[in-house]
Number of protein chains: 2
Amino acid sequence: MAKTRAEKMEETRIKLIAAGRKAFAEKGFASASMDELTAGAGLTRGALYHNFGDKRGLMAAVVDQIDTEMATEAQKVGQSAGGGWQGLMAEGAAYIKLALRPEVQRIVLLDGPAVLGDPSQWPSQNRCLQATITTLGELAEQDAIKPVDIEAIARLLNGAALNSALWVAASDDPHATFDKAVTAFECLASGVLKTPAPN
Amino acid sequence: MAKTRAEKMEETRIKLIAAGRKAFAEKGFASASMDELTAGAGLTRGALYHNFGDKRGLMAAVVDQIDTEMATEAQKVGQSAGGGWQGLMAEGAAYIKLALRPEVQRIVLLDGPAVLGDPSQWPSQNRCLQATITTLGELAEQDAIKPVDIEAIARLLNGAALNSALWVAASDDPHATFDKAVTAFECLASGVLKTPAPN
DNA sequence: CACTTGACATACGCTGCGTATGTCAATACA
DNA sequence: TGTATTGACATACGCAGCGTATGTCAAGTG
């Protein structure tokens, strides 16, 4: 069967995003050549500028894809941990673990802010936050946490988790450092609990 | 009196760093032209590449200057708050307040990581952390905090504080959001206390 | 007072982005 | 079904900006 035009266009978008994701991860945004990148996908810069406007546009699409994946994954982990406090802790650990991937570090944590600006304004980041905010909301209804601004707590927790991943990844013994980071995360998070942490 | 060569060179370094700081803050690293920048300082790119090696080298010098200033300032605030727990809280609020300056946001929080890599590896950031670690160390000696890894806590607190500044700055009502951020910061920080937070 | 060093300027090449223009296949329409 | 039209993508061009190779002249040296 002949492919429709819309289908083919969707294919090229997918190919370009995949190529961009690879190039940005391996060389960083600044050093990734659009000529090389598109050629690798069997296309030219023409396709890129037609579909995404400019280099930044492709970056935005790539970032959106990556941290949509992260949000989905972390949310899933949180829910299968049973939601509530356990879910929140599992989500935090999941974020740190996901952010250990070099691809995430380079694209989302290092280059993303420089290219796209403040991460708290990204649509995808708001999707990530939503999971945390929802979980915190449940806890608030159960009167389990202090009466503080939930959004603020969620943002600080997310920021702390993502940042600590860079530290973990750069450490000599990532495994041991990961454990320290998760423990510290849980320790800080316990500050919002009304009852002392169950350690 | 005639100026010695070393003195003149020091002057050009200072001029270039000042010009870089201004240009990077106003246009961002990528869009800052080294030709313009150096011309504004009454010099040429020759001086720049002689003194700093490349564009990144100047960026490193600028970042180092800025967050050395931040470390000094925050430490001062923490000490005049009397050290200990009050000092730690004051330090945190000070970091958030310092990071509200557009110059800091653009250079240190957005472009810095992309250009220089993981902030936790910057020499200057380690200076910033040192203050927090010292304060936490005092508290540990007084047996006031839980037996967790101090470095990990310090890194998470610093990361949370700096990140929240971006959120505050981008909000509709920065003043109100600042209060929320500081309250949330103190709430999370209280998680390391053995005795429940004095709220 | 010749000589050397080195701080900085000048000149060049190359890479790479964005855009203007061209082309050809897929749809619309008669 | 043949013609017109759109639009997805390729090709070609101009320009900015980085890094480097080379030049110059004043400050230090013996």
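How many residues of chain A are in contact with residues of chain B? In this predicted model, 39 residues of chain A are in contact with 39 residues of chain B, where contact means heavy atoms within 4.5 Å.

## Basis of the model

Residues are numbered from 1 along each chain as its sequence is written, while chains are lettered from A and ligands numbered from 1 in the order in which they are written. The model is predicted, so that local features need pLDDT of at least 70, side-chain atom pairs count only at pLDDT 80 or more, and totals for chains, interfaces and linings use all residues; side-chain values use heavy atoms, with hydrogens and water left out.

## Architecture of chain A

Chain A has nine helices and zero strands; these elements are DSSP runs numbered from the N terminus (helices: H or I, at least four residues; strands: E, at least two). The C-alpha atoms of chain A fill a box of roughly 60 × 40 × 30 Å along the principal axes.

Within helix α4 (residues 55-80) of chain A, Glu73(A) and Lys76(A) lie three residues apart, about one turn of the helix. Their side chains form a salt bridge at 3.6 Å, N to O; the term denotes a side-chain nitrogen of Lys or Arg within 4 Å of a carboxyl oxygen of Asp or Glu. Over all chains, the structure holds 24 salt bridges.

## Helix packing within the chains

Two packed helices are described by the angle between their axes and the distance between the axes. Axes here are lines fitted to C-alpha atoms, for helices over the stretch in contact, and angles run from 0 to 180 degrees between N-to-C directions. In chain A, helix α7 (residues 123-141) packs against helix α8 (residues 150-170) at an angle of about 125°, with the axes 9 Å apart. The arrangement of α7(A) and α8(A) is therefore oblique (angles under 35 degrees count as roughly parallel, over 145 as roughly antiparallel, 65 to 115 as roughly perpendicular and the rest as oblique). The residues of this contact comprise eight nonpolar, five polar and two charged (Ala, Val, Leu, Ile, Met, Phe, Trp, Tyr, Cys and Pro count as nonpolar, Asp, Glu, Lys and Arg as charged, and the others, Gly among them, as polar).

In chain B, helix α6 (residues 102-116) and helix α8 (residues 150-170) pack at about 130°, with their axes 11 Å apart. These two helices are therefore also oblique to each other. Gln105(B), Leu109(B) and Leu110(B) of α6(B) meet Leu162(B), Ala165(B), Leu166(B) and Ala169(B) of α8(B); by class, this contact has six nonpolar, one polar and no charged residues.

## The interface between chains A and B

Chains A and B bury about 2,900 Å² between them, 72% of it on carbon and sulfur atoms; buried area is the accessible area (1.4 Å probe) that two parts lose on being put together, summed over both. On the chain A side, Leu156(A), Trp167(A) and Leu188(A) lose the most area to chain B, together 24% of what that side buries. There are two salt bridges between the chains. The side chains of Lys180(A) and Asp149(B) meet in a salt bridge at 3.7 Å, N to O.

On α8(A), Ala152(A), Ile153(A), Leu156(A) and Leu157(A) meet α9(B) residues including Lys180(B), Phe185(B) and Leu188(B). This contact has nine nonpolar, no polar and one charged residues.
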